[in-house]
Amino acid sequence: MIVGHVLAGPLDALVELGLPLLVFAGLWWWSSRKERRRP
Amino acid sequence: MVVVLAQGEATAVTFPISRQGLEQIAIALVVGAAVFALVALWRHRRRRTWRRAAISAGILAGLAAVALVLGYTVAPNIPTPPVPVTARFAQDPVPDAPERIAAGRELYQRNCVVCHGAHGRGDGPAAFTLRPRPVDLVVHTPQHAPGEVFYWISEGIPNTAMPGWKDRLTDAQRWQIVRFLYALAAGRT
């Protein structure tokens, strides 16, 4: 729950799930990139 | 952090997300960490590059731990009575109108004033005998979706004096009260 009347109900839930999802998506993109082979 | 409340007053708040919100975030992060851990394991068995997936699992698990630590140290504890997801997204089928707010006010004055008070501040004549005390509706209503408020009016709130009104008021009447409460909190009454 975001404190302070900025968001309510569904929007609030969207932020609570959206933030972790954003981090997850970023890490997924990073981990699926080809790793450079070490010389 | 200073947060502006509905009526324009400012108050000092230690952290912008409540303990309950941070717990939700931590659960989502732990699920993500588990997915990455499984991916790392699968890739390792297939002899493919697995380190970044494992690092990602660690990062997500670490963030979940940070969220929980914040939740149980600096974040305010604001327990909210549980609401089913479907109820959370419910909407009033009838558009807002001044007559509906007026009807809601009349219903509120007839049924709710005793506990919640004439101005919704939780200071009705019966309020002082109740544990827990009725909430300040002017502060709390805007923090929730209309569907949540409708659900609490309909079903009541467990372990409090708040009864369910679905047997005494029709759906339309309960939505009118919801409309009135939002208008009251926004200073539109």
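1. In this predicted model, one helix contact in chain B joins B:Arg100, B:Ile101, B:Ala103, B:Gly104, B:Arg105, B:Leu107 and B:Tyr108 of H4(B) to B:Gln173, B:Gln176, B:Ile177, B:Arg179, B:Phe180 and B:Ala183 of H8(B). Sorted by class, the residues of this H4(B)–H8(B) contact are seven nonpolar, three polar and three charged.

2. As for geometry, H4 of chain B spans residues 98-111 and H8 of chain B spans residues 171-185; their axes come within 7 Å and cross at roughly 100°. Angles of 65 to 115 degrees count as roughly perpendicular, so H4(B) and H8(B) are roughly perpendicular to each other.

3. The contact of H1(B) with H2(B) has 20 nonpolar residues, along with three polar and three charged ones.

4. The largest nonpolar core has 22 residues, of which B:Phe150, B:Val178 and B:Leu181 touch the most other members. At least two residues of this core come from each of H4, H6 (137-140), H7 (146-155) and H8 of chain B. H8(B) gives the largest share, eight residues.

5. Leaving aside residues up to four places away in sequence, B:Val178 touches B:Asp92, B:Pro146, B:Val149, B:Phe150 and B:Ile153.

6. There is also a second, separate core of 19 residues, with B:Ala33, B:Ala40, B:Ile59 and B:Ala75 among them.

Key: Residues are numbered from 1 along each chain as its sequence is written. Chains are lettered from A and ligands numbered from 1 in the order in which they are written. This is a predicted model: local features need pLDDT of at least 70, side-chain atom pairs count only at pLDDT 80 or more; totals for chains, interfaces and linings use all residues. Axes are lines fitted to C-alpha atoms, for helices over the stretch in contact, and angles run from 0 to 180 degrees between N-to-C directions. Helices (H or I, at least four residues) and strands (E, at least two) are DSSP runs, numbered from the N terminus. Angles under 35 degrees count as roughly parallel, over 145 as roughly antiparallel, 65 to 115 as roughly perpendicular and the rest as oblique. Two residues are in contact if their C-beta atoms, placed from the backbone, lie within 7 Å. Ala, Val, Leu, Ile, Met, Phe, Trp, Tyr, Cys and Pro count as nonpolar, Asp, Glu, Lys and Arg as charged, and the others, Gly among them, as polar. A nonpolar core is a set of buried Ala, Val, Leu, Ile, Met, Phe, Trp, Tyr and Cys residues joined through C-beta atoms within 7 Å. A residue is buried if 20 or more other C-beta atoms lie within 10 Å of its own, exposed if 12 or fewer, and partly exposed in between; C-beta atoms are placed from the backbone.
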